[in-house]
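Subject: Handover of a structure, with notes

Dear colleague,

I am handing over the structure below, and I would be grateful if you could read the notes that follow with the model open beside them.

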Amino acid sequence: MTAMTDIPTIEQLQRVAGEVCDPELPPLTLADLGILRSVEIDDQGVVVVQLTPTYSGCPAVAWIEDEVRRALNSAGCTKIRIDRVFSPAWTTDWITAEGRAKMTSAGIAPPRMLTPSIDADAQPGAANGESGATSGPIAVTIGRRVRTAVPCPRCGSTDTSEISLFGSTACKALHRCSACSEPFDHFKEI
Amino acid sequence: MTRDQLPLLTYLLRLGDDNLILAQRLGELIASMPELEEDIAVANVALDHLGQARNFYAYAGEIDPEGRSEDDFAMLRSEREFFNAVLVEQPNGDFAATMIRQLLVDAYQVPLYQALSASNDERLAGIAAKALKEARYHLEHSSGWVITLGDGTDESHRRTQAALDTLWIFSADLFAADQVEDALTATGVAADPARVRAVFDTTVTEVAAAARLTMPTDPYQRLGGRTGYHTTHLGHLLPELQWLHRAHPGATW
């Protein structure tokens, strides 16, 4: 498969792209976050990278795309195309175990798994076979939800409470720990 | 490019414009909210809406016969060329007004995006599925605050009821469909406005009941945004939004 050793393999390119770090969560890589969908080489020899955004307005997306391009350039690729792919929508369930461990070490409470669902309407319409934009049930929940306490990433206590639904970046909410008295970020489940 | 794609272009601009104009209004509020957490919240919500606008504009640009870019759509159209619902261009008021406007938008966008996430147009479905998660979170925030404020003190109740009464007359414009949308709805591309409206009505009525608010009964509704007929406020918002791009065409960071 690698007759010429200076031509990187798909596996090597996947590793190079996957090792790019998120600018807002520096210990975490694209592979950790599960936002690198695929790396392939098309029949024109173009390296095609599929990335998926975490949030519609994530300001890091353009930076990440530039970094992936730069990393692949350094690996010897000259023809690169980066596609932004939305479907299926990114979910925090795609964050790897290693990514979650890195978050905890950085003082960020990682998201809990949605599958099996902790939130009855978190995956709307996913399994009811609806087709077209004019059919299928629509469920709406109002008011603040009661969430199970997020364990403190510093001391592990579950004596914690939510301060704000929104935090320092689109993907995080703000909590506080009553045991160690520290505030902390929680990576929101979506 | 075929003319068949023009209704979709108009539909995408309506979706994008709602989000862009609301993002601008919310952006005006950053550092003016009643507490630090709400400053952070309003900035986050604005960013989500701006991102959604960009996704709709990017898709619109790909099918636009004139080949316009995201920036062209946002920065180089005039008032009559914007198709947002008149609700989102209304000027900011107090915190109650911000939360009522947001509740009305969120109660609309949740069923809208849920329907669109099953659109026969896969690109549109993908954008909507992403936006749906954000809209649900926004609704939790806005409905939570409306219930807290409406079911709060006499003063917070009075202000929240006043905001609902004032903004309600702009709510029907969200659902004002025309032949453009009817054709897309028939082919399973666009969301059926009547179906979205039914869920919206249930949501707002439930929140109002929990908040001890009275639903407005005045039947008057101000329409026109979807075809470019706006209230006076959009004409004042756009210069603030567009001046830098117009003064320095092609400027980049």
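Chain A is divided into domain 1 (10-84) and domain 2 (97-121 + 145-190), with bounds that come from an automatic or database domain assignment. Please keep in mind that this is a predicted model, in which local features need pLDDT of at least 70 and side-chain atom pairs count only at pLDDT 80 or more, while totals for chains, interfaces and linings use all residues. Residues are numbered from 1 along each chain as its sequence is written, and chains are lettered from A and ligands numbered from 1 in the order in which they are written.

Taken over C-alpha atoms, the centres of domain 1 and domain 2 of chain A are separated by 27 Å. The contact between them takes 9 residues from domain 1 of chain A and 8 residues from domain 2 of chain A, where two residues are in contact if their C-beta atoms, placed from the backbone, lie within 7 Å. On the side of domain 1 of chain A that touches domain 2 of chain A, strand 2 (25-29) and helix 2 (30-33) of chain A each supply at least two residues; helices (H or I, at least four residues) and strands (E, at least two) are DSSP runs, numbered from the N terminus.

Between the chains, the contact takes 48 residues from chain B and 28 residues from chain A. On the side of chain B that touches chain A, two or more residues are given by each of helix 2 (36-63), helix 4 (95-116), helix 5 (122-150) and helix 8 (193-210) of chain B, and helix 5 of chain B gives the most, with 17 residues.

Finally, 4 strands of chain A form an open sheet of mixed pairing in the order 6-9-8-7, where two strands pair if DSSP finds at least two bridges between them. Strand 6 (108-109) and strand 7 (160-164) of chain A each have a single partner strand and stand at the edges, so one side of each is left without a neighbour in the sheet. Strand 7 of chain A pairs with strand 8 (residues 172-177) of chain A in the antiparallel sense over 4 bridges.

With best wishes
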